[in-house]
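Me: I have a structure to go through with you. Let's take it in short questions and answers.

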Amino acid sequence: MATEHKVNPSVSLYLNAACDLVAELENASKVNCSSVTVPIVHWNYEREFVREPLRSKHVQFTRSDLLLSSSQWLNRVICRIGDNLDLDSPIDCIRRQAERTIRQELSFAEHLVQNGYMYTRLTKRDCTNFARIVGCGATKGTLLVEVPLTNPKLTQNSWRRDMDGEADEEEDNPWHWWNTFRTHADSNAVIKVALELTADVPKQDEIYRWLGEPIDVIVVPANIFLTNAKNYPVLSKAHQSLLKQFYQTFCCHFILKANPADGHIAHYVDYIKHLIQQRFAKDPTQGYEDYAQTPLQPLYDNLDAMTYEVFENDPVKYIFYQNAIEQALLDRVPKEERDTKVSIIMVVGGGRGPLVRAALNASQTTGCKVKVYVIEKNPNAIVTLRAHINEVWQEGMVELISTDMREFNPPEKADILVSELLGSFGDNELSPECLDGAQKQLKEDGISIPCQSTSYINPCFASKVYNQVRTLERPAQAKDRVISSRHMEQMYVAYQKNVYHIDDPRELFVFVHPNKDSDPIDNNRYRTVRFRASLDCVMNGFTGYFDTVLYKDIVLSIHPFTHTKALASWFSMFIPLTDPVQLKKGDEITVHFWRCVASHKVWYEWCLSTPVVTHVHNIDGRGHPIWL
């Protein structure tokens, strides 16, 4: 199905060698390729690094950088390094030669492409020295590490009766190659995955696991193409679905591996671009993907006009609020009294007035008379509200009170108390504390909208967001490792697409409004939640969600299983662990979560007790206090 939003994915042509690089770039352009992926040094060229006179002769080990302009090196060439090198060889002389060779190539590649792309291959799980030299040594640009989607040897063994490969199948999975490399390289943010598609497609769970990894490129070999009835190359339905899923998640680039003499190269490229363009669905929240933001604290800080505008542009939220107010009015006011009885609606935290408009619209559609009190503490939003009262809401139905909702004292109590104080984790913007203070102005039989909020969490691996958090406190020397940081004990709002959810969300904390069940009211909470890993994987944090019951069956939700369609006001919450945890299939994950309340602040604390024991994060709110 064609879409209005056209995308133009870039495709690079993979070449084993390029005798005339300028000519190869021209040939690539003729087949609609934006760049070429070539070895920086011919893969069969052995250099001498110690003995003279060969050492001096081999100083010029590759072509000059003057062959292309710096812009062409940056945008049109992906420099391949380390072809056919074994940096983990048990033979010392081979290993040392490989180390010198790849260091030389890596240095020259960074010299050429600066912030561009370099490329190397991962061929086995035993890659400790490879990760030490390359993974830890790369500091500029982006280093693409090619990893196959499936292990060809495992596929071969599955057809042999004399091989019982089930026990080693998971251990030999290429994801483990990458996980070993990434772990030794300390999750270097410069390193990205170039995931090579294979003829076999793994199980869906394994594909989901890759969605949490930093994939930047999909490598498409020509040998996975089929030929259709018109003799054109096409991909199987399974591979089509894979390409769509990866592009929708990562907006990745493509590298085509094909014989230059193959007459179908232009057809391969056109097919890949056509497939993406036909199947790409524009995300209405495009631009916010995997971007970590500090949660708002509207009780402590005054929101600005841009923030208000973002929330007011949500196409769904205020329709649901209006529906809830309508239903509440119809339930409270008998039909015969609608012309005479005036219902008191209090909007606490009115902002620039969208909930007031929802209340007035509900009054008009139901025929019920209302008096609206709008309570707002932000002096800048008061200017807008006063203008609305003078220019738009002129019937005298709206009265403005400029104060904190916990301290106001209106002349009469409310039939309906309306608020939108919920954050991405439900109660993280202190809706319980605010509404508990405001509920004294609600009649005994009054209605609170919303009347309940529930938070949820599940364990996850989100490489992009996690690396953003890690680099928030990078020291002066870029190679220095951040051992600990207060940023790792904060919570972040993030629209997570580059994420692997290890298990389904579980309920955490529930708050009910009005809160009449406890005296005195206590909003401290503690909960232990258990999860289980279905695959070997890595966990670096938790994703938080919430849902809220506005009234009766009218619910707003960002829970992935019940997400309200087109709701864009809230993204999920990312709750990091200071150190990633390696999980084995079947491991039980036990997380302890606290919500703590003091006289001047609220904060969350969290830790693991299985499969490993971690320290308690954000103890006493040291990293992320929420101020009252």
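**Hairpin, sheet and cavities**

Reply: In the hairpin of β21 and β22, Lys-552 takes a positive phi near 55°. Two residues lie between the strands. The model is a predicted one.

Me: Which strands stand at the edges of the open sheet of four strands?
Reply: The sheet runs in the order β20-β24-β25-β26, with antiparallel pairing. Two of its strands have a single partner strand each, so one side of each is left without a neighbour in the sheet. These edge strands are β20 (525–532) and β26 (626–627).

Me: What is the bridge partner of Lys-601 in β26?
Reply: Strand β25 (residues 601–610) pairs with β26 over two bridges, in the antiparallel sense. In β26, the partner of Lys-601 is Trp-627.

Me: Where does the largest cavity lie?
Reply: Its volume is about 120 Å³. Both domain 1 (11–282) and domain 3 (454–627) give residues to the lining, so the largest cavity lies between domain 1 and domain 3.

Me: Which element gives the most to the lining of the largest cavity?
Reply: α8 (174–184) and α17 (463–470) each supply at least two lining residues. With three residues, the element that gives the most is α17.

Me: How many nonpolar residues line the second largest cavity?
Reply: This cavity has a volume of about 50 Å³. Its lining includes Leu-21, Trp-73 and Phe-108. One lining residue is polar and one is charged; the nonpolar ones number nine.

Conventions:
Residues numbered from 1 in each chain as written. Predicted model: local features only at pLDDT ≥ 70, side-chain atom pairs only at ≥ 80, totals over all residues. Heavy atoms only, no water. Pairing = 2+ DSSP bridges. 1 Å grid on protein atoms, 1.4 Å probe; cavity = no way out; pocket = protein on both sides within 12 Å on 5 of 7 lines; lining within 4 Å. Points joined across faces, edges and corners; volume = space filled by probe spheres on them. Domains from an automatic or database assignment. Nonpolar A, V, L, I, M, F, W, Y, C, P; charged D, E, K, R; others polar.
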